[in-house]
Amino acid sequence: MGLLYLGTPLAWDEAKKYADHVRAHGITQFLHIWDRVKDKNGDELLWGDEVEYMVVSFDNEEKNAKLSLRQTEILAKLSAIVDDISSDSDNSIAVPTFHPEYGRYMLESTPGSPYTGSISDLLSVEKNMRYRRNLARKHLKPNEIPLTFTSFPRLGAPGQFTEPYHDPTDAVSSHSLFLPEEITNPHARFPTLTANIRRRRGSKVAINLPVFFDEKTLRPFIDPTIPWDRNIYPEDPEAKNGAALPDHIYLDAMGFGMGCCCLQLTFQACNVDDARRLYDGLIPIGPILLALTAASPVWRGYLADVDCRWNVIAGSVDDRTEEERGLKPLQNDRYVIPKSRYDSVDLYLSEDWMNRPEYNDNPLPIDTKIYDRLREHGLDDLLSKHIAHLFIRDPLVVFSETIDQDDTSSSDHFENIQSTNWQTLRFKPPPPKSEIGWRVEFRSMEVQMTDFENAAFSVFVVLLSRAILSFNLNFYIPISKVDVNMARAQERDASRSRKFYFRKDVFTGSSPISSGSSSPIDGAPRPKDKKLRNCFPPPPAPLNGHKKGPVEDEYEEMTMDEIMNGKGDHFPGLLGLVSAYVDTLDVEEEALSKIRAYLDLVKRRSNGSLLTAATWIRNFVRSHPAYGKDSVVSQEINYDLLVAVDEIERGVRSAPGLLPKDYTGGEKDQGSI
């Protein structure tokens with residue numbers, strides 16, 4: 001989350017008057033950054049994670065788990081605690097920090113300073129995550145617990161799901177039938193963002209998830225918990241006028257999506273070209289890891305026939321008008337826009353020879369004036385298209401105090417657009433007047449219930465990012481197929497039951513596995529790296545030229561097991577590639593054992609011998625004694641589920657099928673920094 005201004009946000013009718021101003025000055029700000037750092041080179045690997053928690057209040061007498069709306073109070077206390085720890089600590093110790101998020105029940109945590117490429121930093125991630133969780137836990141009320149849980153199962157369900165209770169009829173920003181105003185962070189940015197999405201769109205957002213049909217689920221499923229006849233806000237009739245679909249779970253507010261928790265990673269690249277290569281390399285990985293980390297099968301008190309949050313968030317911030325959605329001919333708007341501003345990436349960025357034009361096969365509306373301006377300034381075609389595509393969007397929150405800025409020293413107008421294009425990856429220019437380099441943010445994963453799992457997936461992605469750059473791996477497939485994979489990744493039990501498009505031959509030269517990643521150089525063994533490198537030469541073009549056959553011959557459908565663990569003699573799988581990269585490192589046996597434990601979790605999730613969190617949650621609900629086989633997740637089931645999640649994280653309840661037998665929970669290991 002970016003800087004939260006103290007200022008006066010403009011309502012949509014006023015804010016839209018400044019849209020062209022924000023876009024024009026945003027591009028000016030980007031060009032100032034570009035001129036300053038386009039040739040910046042040699043930056044070391046710095047990276048970090050963002051873990052989001054929901055604070056849950058447990059009422060053991062009523063058997064009710066509710067969302068605690070004390071974010072402001074909790075963050076103030078944690079900020080003071082962090083300051084005290086920092087002042088009492090050696091300067092070399094970086095104390096983790098906590099930040100606000102959209103939901104008033106959410107906390108975001110990050111390491112106190114970025115990790116480096118050292119092996120010790122790589123293996124400190126889990127302890128750092130555990131330290132953060134336990135630091136928060138120690139300073140909550142005795143009945144409050146910070147859970148890394150993707151979506152609260154009864155958010156918006158009948159009854160009390162927040163502490164304290166608030167009535168949804170006061171939802172003056174979202175006009176939701178289900179969520180009260182108080183669910184949202186009170187900072188002016190968030191209710192304004194919520195209201196302006198609704199106003200710009202011309203209606204409430206409408207998300208419909210297919211219900212999971214169990215033995216006694218009513219057919220057709222017409223949700224009896226929707227207040228069909230409420231008449232408070234102008235949009236109240238939308239549900240009965242078609243916004244709420246039969247056989248679906250209807251969600252109608254930004255809070256359902258932006259109130260989800262996730263796990264994100266950001267990497268600093270050596271230079272802008274390496275950032276573009278890494279960005280492209282991770283695009284096809286987004287849906288694969290979304291499916292592997294699937295963790296959200298329950299929405300508004302019902303089991304859904306999906307396992308992931310992604311389409312919920314995409315729908316929750318979809319500010320496109322009917323014209324932009326292609327439902328009406330263009331008259332007042334400039335573009336038909338195929339996707340929400342929260343969705344998958346639309347364009348590969350690298351100028352390397354591996355990136356064939358045929359891979360960028362998605363419709364790509366761009367602001368041609370902005371594109372022309374960028375090209376005239378000297379930017380290449382792909383990066384100009386990327387920026388010009390992001391900038392077809394309007395700024396959603398404009399503060400009156402920041403309309404006029406110094407474009408040489410500020411990037412706030414640029415970030416106003418950039419940071420509200422929430423995609424599977426984000427290509428991040430350096431901030432002005434900063435030593436920070438070009439960065440890539442990986443954004444698709446769902447947060448896992450334990451710090452061990454979150455650390456395992458973090459370590460896997462870090463090592464895969466190094467393998468991509470070190471081995472010049474080629475993961476390109478048409479970006480339209482990545483979108484197909486994103487849709488499949490969200491289906492129920494997708495990691496075990498679905499196939500995904502993936503490239504058959506990922507090597508641009510000889511395989512690092514078949515040739516030996518530490519093969520001799522001039523008769524001497526290649527020295528192993530003592531840390532994760534960050535600067536790599538660009539992939540050399542083939543000496544005999546690049547033979548371009550049909551793109552369709554370059555990829556095929558593979559199971560998750562094949563993508564991760566290998567298929568035949570020619571495709572070693574992503575874990576095989578990561579293992580080959582680890583072989584290039586000088587790692588002591590104890591550290592290597594820990595890396596292997598993390599990779600083994602990813603392997604077992606991908607071969608089906610361990611369940612995804614979503615499947616485990618679904619099984620827990622369906623086997624609960626109070627479950628009526630009717631898709632309903634009651635207050636009692638929700639309470640028992642979240643108690644179980646906390647006990648599993650702490651290691652006082654075993655979870656066979658979900659975690660390895662030797663899992664040690666947070667109660668025995670509270671982490672360190």
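Residues are numbered from 1 along each chain as its sequence is written, and side-chain values use heavy atoms, with hydrogens and water left out. In this predicted model local features need pLDDT of at least 70 and side-chain atom pairs count only at pLDDT 80 or more, while totals for chains, interfaces and linings use all residues.

Reader: What radius of gyration does the protein have, and why does it agree with a compact globule?

Author: The radius is taken over C-alpha atoms, and the globule rule is 2.2 Å times the number of residues to the power 0.38. With 673 residues, the rule puts a compact globule near 26 Å, which agrees with the protein's 24 Å.

Reader: How many of the 673 residues, as a percentage, count as buried?

Author: Buried means under 20% relative accessible area, exposed over 50% and partly exposed in between, with a 1.4 Å probe and protein chains only. By that cut-off, the share of the 673 residues that counts as buried is 60%.

Reader: Which kind of aromatic pair do Trp-47 and Tyr-115 form?

Author: Rings of Phe, Tyr and Trp (its six-membered ring) pair if their centres lie within 6.5 Å, and planes under 30 degrees apart count as stacked, over 60 as edge-to-face and the rest as tilted. The count by this rule comes to 25 aromatic pairs. The ring centres of Trp-47 and Tyr-115 are 4.7 Å apart with the planes at 45°, so this pair is tilted.

Reader: How many residues apart are Trp-47 and Tyr-115, and where does each lie?

Author: Helices (H or I, at least four residues) and strands (E, at least two) are DSSP runs, numbered from the N terminus. Trp-47 belongs to strand S1 (residues 47-59), whereas Tyr-115 sits in the loop between strand S4 (106-110) and helix H4 (119-122). The pair thus links distant parts of the chain, 68 residues apart.

Reader: Are Trp-47 and Tyr-115 buried or exposed?

Author: The two partners, Trp-47 and Tyr-115, fall in one class. Both residues are buried.

Reader: What is the angle between the planes of Phe-471 and Tyr-581?

Author: Phe-471 and Tyr-581 form an edge-to-face pair, with 6.3 Å from centre to centre. The angle between their planes is 70°.
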